[in-house]
Amino acid sequence: MNLIKDTKAPVFKINDVFERTVDLDAYQDKKILIAFFRHAGCPFCNLRVHALSKIYEEMKSKGLEMIFFFESSKKVILRSSFHLGVSPIPLISDPEKYWYGVYGLEDSKLKSGISHMTSFVQSFLKARAQHLPISMPTAGESLGTIPAEFLIDKGLIIRRLHYSQRLDDRMEISEIRAFAETA
């Protein structure tokens, strides 16, 4: 079931892959982008992680924090030098996809299949050109997970939610910037 705009975000308190406690309640006075990705080798997701990592310092200076969830195990994420490079951003491993369910993420092999047929080659080549990791899902990871992103305002109120319709369908960076700049 999808979350609803202008309601309180589901609160979590969990360790990220670096054993840092990420307590959403501690973000009450901040704005947050919470992004849910597929597996650590997904080229669609790694292109997005790369794009968000590039604007992280700018967004942080405007008061916007970021938290990333992956369905990959902690071990798989920690093997990736690319993901370790985004370490200022909490990376949460959720291989059981518990929080994916709480936040209403979809599992759709149909949407995933259409995305792979229509844009996988372009995404693969773009990710490869940027030296981003690309691999097939490992045990427990799904080809059907469809990403989502949430802009959470002070007081943990969901102001914008974006449930992707395709694997390359994400919130516009300009929208994230505009949200960070609002009072």
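Modeller: Let's start with a rule: two strands count as paired if DSSP finds at least two bridges between them. Keep in mind that this model is predicted.

Biologist: Fine. Which residue is the bridge partner of F69 in β5?

Modeller: I92 is the partner of F69 there. The strands β4 and β5 (residues 91–93) run parallel, with three bridges between them. β4 also pairs in the parallel sense with β3, over six bridges, and L33 sits opposite M66 of β4.

Biologist: What kind of unit do β3, α1 and β4 make?

Modeller: Together they form a right-handed β-α-β unit.

Biologist: How do I read the side chains of a strand like β4?

Modeller: In a regular strand, side chains alternate between the two faces of the sheet. In β4, L64, M66, F68 and F70 point one way, while E65, I67 and F69 point the other way.

Biologist: And are those residues of β4 buried or exposed?

Modeller: All of them are buried. That's seven of seven, so β4 is largely enclosed by the rest of the structure.

Biologist: Now a helix. How do I find its faces?

Modeller: An α-helix has 3.6 residues a turn, so residues three or four places apart point the same way. Take α6 (residues 173–181), where I173, I176, F179 and A180 are buried. Down the axis of α6 these buried residues fall within an arc of 120 degrees, so they line one face of the helix. The face turned away from that buried side carries the exposed residues S174 and E181.

Biologist: What do the buried residues of α6 pack against?

Modeller: They pack against β3, α1, β4, β8 and β9.

Biologist: How about aromatic rings?

Modeller: A pair of rings is described by the distance of the centres and the angle of the planes. Here the count comes to twelve aromatic pairs. One of them is F12 with F69, edge-to-face at 5.2 Å centre to centre and 90 degrees between the planes. F12 lies in the segment before β1 and F69 in strand β4, 57 residues apart. Both F12 and F69 are buried. For Y98 and W99, the ring centres are 4.9 Å apart and the planes at 90 degrees, so that pair is edge-to-face too.

Biologist: Why does W99 count as buried?

Modeller: The cut-off is under 20% relative accessible area, and W99 has 15%, so it counts as buried.

Biologist: Which rings join into a cluster?

Modeller: Ring pairs link F12, F36, F69, Y98, W99, Y100, Y103, F150 and Y163. Y103 touches several residues, including L3, P10, L24 and I34. Y103 is also among the residues with the most contacts inside the largest nonpolar core, which has 52 residues. The largest share of that core, seven residues, comes from α1.

Notes
Residues numbered from 1 in each chain as written. Predicted model: local features only at pLDDT ≥ 70, side-chain atom pairs only at ≥ 80, totals over all residues. Heavy atoms only, no water. Buried < 20%, exposed > 50% of the residue type's maximum accessible area, 1.4 Å probe, protein only. Helix = DSSP H or I, 4+ residues; strand = E, 2+ residues; numbered from the N terminus. Arc of directions from axis to C-beta. Contact = heavy atoms within 4.5 Å. Core = buried A, V, L, I, M, F, W, Y, C linked by side-chain atoms within 4.5 Å. Right-handed = clockwise from strand over helix to strand, strands pointing away. Phe/Tyr/Trp six-rings, centres within 6.5 Å; stacked < 30°, edge-to-face > 60°.
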